[in-house]
Amino acid sequence: MALAATKNNKSIALKRKGKLKEFWRRYKKNRSAMVGLVLLLFILFCAIFANVIADEDAVTRHNPEIRRQGPSAEHWFGTDIYGRDIYSRVIFGSRISLMIGVFSAALSLLLGGVLGAVAAYFGGWLDDIIMRIMDMLMSIPATLLALTLVAALGSSTTNLVIALALSNLPSFARLTRSSMLTVVDSDYVEAAKAYGARNGHVIFKEVMPNAMGPIIVQTTQSVSNMILTASSLSFLGVGVQAPAPEWGAMLAEAREFMRQFPYMIISPGIFIIITALSFNLVGDGFRDALDPRLKD
Amino acid sequence: MLRYIGKRLLQMIPVLIGIAFIIFFIMDFTPGDPARLILGQSATAEAVEQLTEEMGLNDSFFTRFFRYIYNAVVNLDFGVSYRTMKPVFDDVFTRFPVSIYIALCGMIGSTLFGIPLGVLSAVKQYSKLDTAVNVVAMTMVAMPPFWVAMVLILVFSLYLGVLPSAGATTWIHYILPTITLTLANGSAVLRITRSSMLETIRMDYVRTAQAKGVPRRVIIFKHAFKNALLPVITTVGYIFGSLLGGAIICETVFAMPGLGSLIVLSIKMKDIPVVMASIILLALSYGVIMLIVDLMYAFIDPRIKAKYQRG
């Protein structure tokens, strides 16, 4: 019995490994997806080893003697109006942006996913109520909704994550609902129900894994969306607060001086682009690799 | 058809009330005391307390909300701005046209950019041109609009001095915002056009036309493009709807007096009546735009028209 169980587990593990290998084989053939992956690894490297490759003190230390210096061997990206090293700030900024992007997308996926799944699975009036509320939220532009929420909750990084997650909730709920609906009607779900499986089992073991593809793709891409919106809100002064080295906040600070010191707006902008681009490309790569219609 | 329109308009009412509730609820949490804002920092505590009582701000949340809805629906009275003490729509309606122009410019720019390039890259799938267009599109989505706006101002206003960097008085003021919004939204139109075209190009009727020897140009524009248009129209409509209130960044950087910047200002000042009126107006416009999009479907696709006529 025990032996049979191990053997069974082993074959499941093998099958899963085969799936992953197949996924990777198809993913790496896609050149733009690989570019995205390299960019993503670069940003991850910056975030993880920020304290090795940059100077943590220089992020917040005011140094009037060296303020407003252009790029040099000592300060690669120059120094800002307070004499802080822009290179160190940009590198440490990758931690903030990645954290905000990943956490808010994950939270949005969790909440939206549960709502969408409940709506799809139970249907009826519950479905109607949930989806009508989502429609209402959809008709307020996401940036505006996030802005209103941050204003209500107070400006802080945590509240920014909550606001971003809530304002993107409708798209996750809709997507989960629609991709679940196609699965819910399938024969194997009917079989599981007929077999007497409980709701939780059917949702998490049968429906979820099969409805996952589009959801993974959207989550990856929404990370990039969240990072862009977060930097916009910080730019408007309601997101991450100074002196934290958030890219959008850095650009807001540099805005007044951009005529005399244009270098101040270059590096934070480039880093936002790299980060957002990497998640978009990787998301596209996932979609192509997961799409059975594109199978060769 | 009229019945369908009427039904859709009626359906908007509960949606708008729901949105009003959500915004009223969120704004209730916003820190700040309206009475204090109106009277200023020098006012005495008694005066502030008296005004709070007069404005009915001591009542419970639901009492205030239902009073608001009652006044809005029955008397069409959306209140007075706490900041200017004038009826809210004085401010909202002077700014709304600017927002409409901005959104129109952004929508037209994105369409003119996205549709031709999208069709071209679909027709020449896997060519160098297709790759180049895709790279440009991907980079465009990743660029934060406020950064693009800053770079444009730097180059065209500060260095070259050919275009104004702030204001909304002449059409020249709309050039840089249009470029900004086109860069931000054009790739969405491009990508949907490309994928929709790729789908229709593979349809049987396109192959039939090819087999019949119909000229390539006619196949692309008459057979494929017309049928590929539906999702493109939805996207363009959605862009217009979201730009109406979502061009906040653009309005802020270019100092344009639109609705978006009014909302930002009002949120910061806790000017609840203005925030409510603006967002309700935006949501209403969004609903109307989506209705227009659906009606346009009917003009393009006779099958959908038949469905509407059945009610």
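Predicted model: local features only at pLDDT ≥ 70, side-chain atom pairs only at ≥ 80, totals over all residues.
Okay, chain A. Its secondary structure comes to 12 helices and 0 strands. Along its principal axes, the C-alpha trace of chain A spans about 75 × 45 × 35 Å.

Now, empty space. Rolling a probe the size of a water molecule over the atoms shows where empty space is left. Here we get 1 cavity of 30 Å³ or more, and the largest cavity has a volume of about 70 Å³. Around it sit Asp80(A), Ile81(A), Ile86(A), Arg89(A), Met250(A), Glu253(A), Ala254(A) and Met264(A). H11(A) gives the largest share of that lining, 3 residues. And back to my opening question: the lining has 5 nonpolar residues, no polar ones and 3 charged ones.

Next, over to chain B, for the second largest pocket. About 500 Å³ of space lies in there. It has 19 lining residues, and the closest to the centre are Met55(B), Tyr68(B), Gly79(B), Tyr82(B) and Pro273(B). Helices H1, H4 and H13 of chain B each give two or more residues to the lining, with H4(B) giving the largest share, 4 residues. By class, this lining has 12 nonpolar, 3 polar and 4 charged residues.

While we're in chain B, let's look at a helix pair. Two packed helices are described by the angle between their axes and the distance between the axes. For H5(B), residues 88-123, and H6(B), residues 128-142, the axes come within 9 Å and cross at roughly 145 degrees. The crossing is left-handed. On the H5(B) side you'll find Phe113(B), Leu117(B), Leu120(B) and Ser121(B), and they meet Leu129(B), Asp130(B), Val133(B) and Met140(B) of H6(B). That contact divides into 6 nonpolar residues, 1 polar and 1 charged.

Last stop: where the two chains meet. How much area do chain A and chain B bury between them? About 3600 Å², with 79% of it on carbon and sulfur atoms. Met136(A), Leu144(A) and Leu236(A) supply 16% of the area that chain A buries against chain B, more than any other three residues. The contact takes 37 residues from chain A and 41 from chain B.

That's my tour, thanks!

Definitions and conventions. Residues numbered from 1 in each chain as written. Chains lettered and ligands numbered in written order. Heavy atoms only, no water. 1 Å grid on protein atoms, 1.4 Å probe; cavity = no way out; pocket = protein on both sides within 12 Å on 5 of 7 lines; lining within 4 Å. Points joined across faces, edges and corners; volume = space filled by probe spheres on them. Nonpolar A, V, L, I, M, F, W, Y, C, P; charged D, E, K, R; others polar. Axes fitted to C-alpha atoms, helices over the stretch in contact; angles between N-to-C directions. Left-handed = near helix turned anticlockwise from the far one by under 90°. Contact = heavy atoms within 4.5 Å. Buried area = accessible area lost by both parts, 1.4 Å probe.
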